[in-house]
Amino acid sequence: MSKEMLNALDALEAEKGVSKEIVIEALEAALVSAYKRHYGQAQNVEVEFNQKKGDIHVYSVKEVTEEVMDSQLEVSLKDALLLNPAYEIGDKIRFEVTPKDFGRIAAQTAKQVILQRVREAERNIIYNEFSQYEKDIMQGIVERQDSRYIYVNLGKIEAVLSKQDQMPNEFYQPHDRIKVYVSRVENTSKGPQVFVSRSHPDLLRRLFEQEVPEVYDGTVEIVSIAREAGDRSKVAVRSNDPNVDPVGTCVGPKGSRVQAIVNELKGENMDIVEWDEDPAIFIANSLNPAEAVDVIFDLDNPKACTVVVPDYQLSLAIGKRGQNARLAAKLTGFKIDIKSETDMEEFYAKLEEGAYIDAADEVETLDEAVTESDLTADEYENVATEAAEDEATAAEEVAEANEATADQTEE
């Protein structure tokens, strides 16, 4: 069991990438377990594996005491001095207790334990390797699918692609090569588990980093992404170099760069807009391809606004099923209400006519009248009521007088 064992450890380290020290540690633990099972004692047993010769030795560790209470755990000082005059009370002495047939027993008992330790070591290696790719993009091969997942081979491990992480316009077949975003890596009891996505917004970010060198080196920065996977996405970009056009850089010559990303995402439409420090300009840009005439912010809600667009671009600004406005709201973080120029003109016209005076305005007018007249609110209301009644009475009297005048004229 000497040379064969050493050769096997070397082959295991070369093939599986498992450190020889890890396997030896597992082997020693397994041999202690084997000794306990067959000889009924392990609490003071040590197993030593000679890495040069491949030999295995079992030692029973005993403490030097004045009086021996348990011969399996203790040795008398008198007996210890016979071995070495330097021993004192409290010292530990190792006695070799390796059975003659222990090699066969150890091999049988340790097999499963060693395999388990090897599997654990392999799992840790795979977890450490793939945890470095978390929040990054990888290329894999579709292998199979069931009712819950599509399984993507990433080399040393199968990643899972759930239904919510799939793109609705894609159909995956075995042996298809796809790029996936590694959303998270977990070290479970059954081994490392890698979860990937095709619908995550950051998949777009990584694809732009691959296709656009300026994005990768930070010259052009992706500020925000709004995505409805498989249909349409909006990407807000800005340049950290005044001489670099962020939108043109991402689009590429004749649209080659963005077209490569669109092809990878099976025809997903892409709007690349320029980010601006001025929220009004950024919101107007986010509604691309529609043009905004004006952006009016809500005084009561700083994260809400109304965007005015030409009448003929109202449907374009809203988009199919409200998609363009919805993506613009996600991209900017503002609640966006879109109105045409005609609607806004009618609104302002009614506002000037006083059609939108609310109860609060009436209360404010009443308070001003009370202040100016030095009357209480109740007194002012009584005066106002009496004035209204007098006005009505006067109007009736005028009407009666007009009728009387008309009768006289007829006569």
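Predicted model: local features only at pLDDT ≥ 70, side-chain atom pairs only at ≥ 80, totals over all residues.
User: How many helices and strands does the protein chain have?

Analyst: Residues 24 or more positions apart make 58% of the chain's contacts (heavy atoms within 4.5 Å) with a separation of 6 or more. The chain holds 14 helices and 15 strands.

User: What share of the residues score a pLDDT of at least 70?

Analyst: The protein chain averages a pLDDT of 81. Residues 357–377 have a pLDDT below 50, and this stretch has 12 contacts in the model beyond near neighbours in sequence. Across the chain, the share of residues with a score of at least 70 is 79%.

User: What share of the 411 residues is buried?

Analyst: Buried means under 20% relative accessible area, exposed over 50%, and partly exposed in between (1.4 Å probe, protein chains only). Among the 411 residues of the protein chain, the buried share is 35%.

User: Is Glu274 buried, exposed or partly exposed?

Analyst: Leaving aside neighbours within four places in sequence, Glu274 is in contact with Val237, Pro246, Val247, Phe282 and Asn285. Its C-alpha atom and that of Gly248, 26 residues apart along the chain, are separated by 9.9 Å. With a relative accessible area of 39%, Glu274 is partly exposed.

User: Is Ile24 buried or exposed?

Analyst: Ile24 lies in helix H2 (residues 20–39). Leaving aside neighbours within four places in sequence, Ile24 is in contact with Leu9, Phe49 and Gln51. At 5% relative accessibility, Ile24 counts as buried.

User: Why is helix H11 (residues 323–332) largely enclosed by the rest of the structure?

Analyst: The buried residues of H11 are Gln323, Asn324, Ala325, Leu327, Ala328, Leu331 and Thr332. Their cover includes strand E10 (220–228), E11, E12, helix H9 (279–286), helix H10 (314–318) and E15. H11 is largely enclosed because its buried residues number 7 of the 10.

User: Which residue follows H11?

Analyst: The residue in this place has a positive phi, near 80°. After H11 comes Gly333.

User: How many salt bridges does the structure hold?

Analyst: A salt bridge is a side-chain nitrogen of Lys or Arg within 4 Å of a carboxyl oxygen of Asp or Glu. One of them joins Arg184 and Glu186, at 2.9 Å from N to O. Arg184 is partly exposed at 36%, and Glu186 is partly exposed at 31%. The structure's total is 17.

User: How many residues apart in sequence are the parts that Glu129 and Lys156 tie together?

Analyst: The side chains of Glu129 and Lys156 meet in a salt bridge (3.3 Å, N to O). Glu129 is partly exposed at 26%, whereas Lys156 is exposed at 56%. Glu129 lies in helix H4 (residues 102–131) and Lys156 in the loop between strand E6 (149–153) and strand E7 (158–162), so the residues apart in sequence number 27.

User: Which element gives the largest share of the lining of the largest pocket?

Analyst: A pocket is an open set of points on a 1 Å grid over the protein atoms alone, where a 1.4 Å probe fits, with protein on both sides within 12 Å along at least five of seven lines; lining residues have an atom within 4 Å of a point. The largest pocket's lining is Ile296, Phe297, Asp298, Thr306, Asp337, Lys339, Met344, Phe347, Tyr348 and Leu351. Strand E13 (294–297), strand E15 (335–340) and helix H12 (341–353) each give two or more residues to this lining. The largest share, 4 residues, comes from H12.

Technical notes. Residues numbered from 1 in each chain as written. Heavy atoms only, no water. pLDDT = per-residue confidence, 0-100.
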